[in-house]
Amino acid sequence: MAEHMDPEEFRRAGYAVVDWIADYWTTLGKRPVTSQDPPGAVAAALPAHPPEHGEPIQNVLADLDTLITPRLTHWQHPGFFGYFPANTSGPSVLGDLVSSGLGVQGMLWATGPACTELETVMLDWLAGIMGLPEKFRSTGRGGGVIQDSASSATLVATLGALHRAGGGRWRTAGVDRRYRAYTSTQGHSSIEKAARIAGLGEDGVRPIEVDPGTLAMRPAALRAAIEADRAAGDVPAIVVATVGTTSTTAVDPLPEIGAICAEYGVWLHVDAAYAGAAAVCPELRWSHAGLEQADSYCFDPHKWLLTGFDCDAFWVADRGELIEALTVMPEFLRNAATESGAVIDYRDWQVPLGRRFRALKLWFVLRWYGVEGLRAHIRSGIALADRFAGRVAADDRFALAAPHPFSLVCFRLRAGDEASAALLARVNGTGRVHLTHTRVGGRYTLRLAVGSPLTTEEHVDEAWGLLAAAASEVLAD
């Protein structure tokens with residue numbers, strides 16, 4: 001029977017694992033970005049049953065090399081330009097390692113005082129370096145918490161909004177009337193999912209039309225939808241505005257939207273999952289104008305701020321409302337610290353009870369890079385995107401499909417949807433880069449998102465070279 005791994009065995013195995021990760025990062029640029037194997041390849045290569053007797057770590061690492069990494073999509077690859085970045089960094093990995101080693105369950109302050117207090121301070125640090133409104137700091141009525149993703153943040157905001165809109169009845173009566181949620185037609189799919197989970201159904205979400213030029217929510221259309229629902233006896237509960245939409249990084253006009261929400265008493269949640277990180281740079285805080293009117297706000301450090309998944313930073317202006325909506329106190333969780341009212345119990349700020357020590361990786365990242373290091377990373381991504389956009393704009397075969405204020409560039413072939421789709425398939429098929437697509441104004445559009453700390457001008461230029469060559473082939477067919 002295998003013995004438990006003692007500290008010295010762990011030390012040796014740990015060194016081997018860290019070496020393996022470092023070698024993986026070093027060789028990433030030489031690997032295909034995506035797997036070339038068909039579905040089922042990994043499952044077919046694995047044994048049908050687990051081993052009867054324990055194996056050394058070296059065997060596991062060998063199988064990582066032969067079975068797993070060749071069949072991955074490599075999100076840390078310098079040629080990975082798909083979706084939005086979900087990048088990690090050395091400090092983040094080390095912070096996660098410490099979190100795993102400590103094995104803390106931070107559901108209550110009492111179950112991990114340092115776990116809770118470090119998280120509170122880290123969210124205050126982030127609010128400070130991003131210039132967020134004072135009302136989101138823990139020193140007042142608000143405060144921040146780490147969720148797993150922006151999807152969970154939207155769900156939690158929706159539950160808080162329902163509690164407020166129902167005058168507190170939601171806790172006991174549930175969804176006892178027709179509540180409505182509002183977001184632009186460019187809003188994230190998680191908004192619809194949150195409405196489903198909360199019991200509003202798909203029909204409970206009102207998609208608001210956008211300006212055809214900016215692709216941002218039209219405040220007049222929002223007002224009209226709210227007034228129509230009120231006239232029908234429905235209750236407007238929450239508006240989700242977006243800073244940096246998934247398709248094109250459009251920015252909704254928060255000042256006008258916030259004024260409408262204040263007028264009608266509707267909860268305003270601002271989803272800045274990707275683009276929120278840009279606010280660490282003072283020159284990019286224009287995107288957050290009007291945020292002082294929001295009831296809640298979130299962004300993902302795991303997208304563009306060098307902190308490994310999962311780490312969503314979520315703030316509320318009034319933590320009391322959120323706690324009142326979500327708190328449940330069984331006898332086995334009662335403790336003196338909670339009953340004193342002097343501590344934060346983050347279990348009351350989220351859907352699950354349990355929680356990992358995620359603040360550690362954020363702490364490691366913030367201390368390693370410092371504010372200037374984070375700003376340099378954001379500015380580098382934007383500069384690389386600008387470089388790529390310049391190549392697109394200079395080629396008459398291509399057209400830019402939307403503004404590119406951050407590090408996402410949307411573009412297409414002027415020859416049409418079929419040609420653009422063929423271009424994407426051909427370029428991704430090289431294994432050198434990976435891009436994704438969307439539709440802008442109903443037209444098939446390619447997306448190139450820069451975010452990896454390994455990506456340089458050389459990689460962006462290679463991506464353009466592959467696209468330009470493939471365009472010649474596609475247009476010649």
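Which residues in helix 1 meet which residues in helix 3? A13, A16, V17 and W20 in helix 1 meet I57, L61, L64 and D65 in helix 3, where contact means heavy atoms within 4.5 Å. This is a predicted model, in which local features need pLDDT of at least 70 and side-chain atom pairs count only at pLDDT 80 or more, while totals for chains, interfaces and linings use all residues. Residues are numbered from 1 along each chain as its sequence is written, and side-chain values use heavy atoms, with hydrogens and water left out. Helices (H or I, at least four residues) and strands (E, at least two) are DSSP runs, numbered from the N terminus.

**Helix 1 with helix 3**

- The axes of helix 1 (residues 7-27) and helix 3 come within 10 Å and cross at roughly 15°. Axes here are lines fitted to C-alpha atoms, for helices over the stretch in contact, and angles run from 0 to 180 degrees between N-to-C directions.
- That angle makes helix 1 roughly parallel to helix 3. Angles under 35 degrees count as roughly parallel, over 145 as roughly antiparallel, 65 to 115 as roughly perpendicular and the rest as oblique.
- The crossing of helix 1 and helix 3 is right-handed. A crossing gets this name if the near helix is turned clockwise from the far one by less than a right angle, and is left-handed if anticlockwise.
- Sorted by class, the residues of the contact of helix 1 with helix 3 are seven nonpolar, no polar and one charged. Ala, Val, Leu, Ile, Met, Phe, Trp, Tyr, Cys and Pro count as nonpolar, Asp, Glu, Lys and Arg as charged, and the others, Gly among them, as polar.

**Helix 6 with helix 8**

- Now for another pair: the axes of helix 6 (residues 150-165) and helix 8 (residues 189-197) come within 9 Å and cross at roughly 45°. That makes helix 6 oblique to helix 8.
- The crossing of helix 6 and helix 8 is right-handed.
- Helix 6 brings S151, T154, L155 and T158 to the contact, and helix 8 brings S190, I191, A194 and I197.
- In the contact of helix 6 with helix 8 there are four nonpolar, four polar and no charged residues.

**Aromatic rings**

- A pair of aromatic rings is described by the distance of the centres and the angle of the planes.
- The structure holds 15 aromatic pairs. Rings of Phe, Tyr and Trp (its six-membered ring) pair if their centres lie within 6.5 Å; planes under 30 degrees apart count as stacked, over 60 as edge-to-face and the rest as tilted.
- The ring centres of F84 and Y274 are 4.0 Å apart and the planes are at 5°, so this pair is stacked.
- The pair links distant parts of the chain, 190 residues apart. F84 is in the loop between helix 3 (57-68) and helix 4 (90-102), and Y274 is in the loop between strand 5 (267-271) and strand 6 (296-299).
- F84 is buried, at a relative accessible area of 7%, and Y274 is buried at 1%. Buried means under 20% relative accessible area, exposed over 50% and partly exposed in between (1.4 Å probe, protein chains only).
- Y346 and W349 have ring centres 5.1 Å apart and planes at 75°, so their pair is edge-to-face. Y346 is buried at a relative accessible area of 1%, and W349 counts as buried at 1%.
- One aromatic cluster is formed by F84, Y274, W286, W304 and F406.

**Backbone features in loops**

- The peptide bond from F309 to D310 is cis, with omega near 10°. D310 lies in the loop between helix 11 (301-304) and strand 7 (312-316).
- L306 is also found in the loop between helix 11 and strand 7. Its phi is near 65°, a positive value in a residue other than glycine, and L306 is buried at 3% relative accessible area.
- L215, in the loop between strand 3 (205-208) and helix 9, has a phi near 65°, a positive value in a residue other than glycine. L215 counts as buried at 9% relative accessibility.

- D229 lies in helix 9 (residues 219-231) and counts as buried at 3% relative accessibility. Leaving aside residues up to four places away in sequence, D229 touches R180, Y182, R206 and D234.
- L435 sits in the loop between helix 15 (417-428) and strand 10 (436-440) and is buried, with a relative accessible area of 2%.
- Not counting residues up to four places away in sequence, L435 touches F81, G82, F411, L424, N428, R447, L448 and L467.
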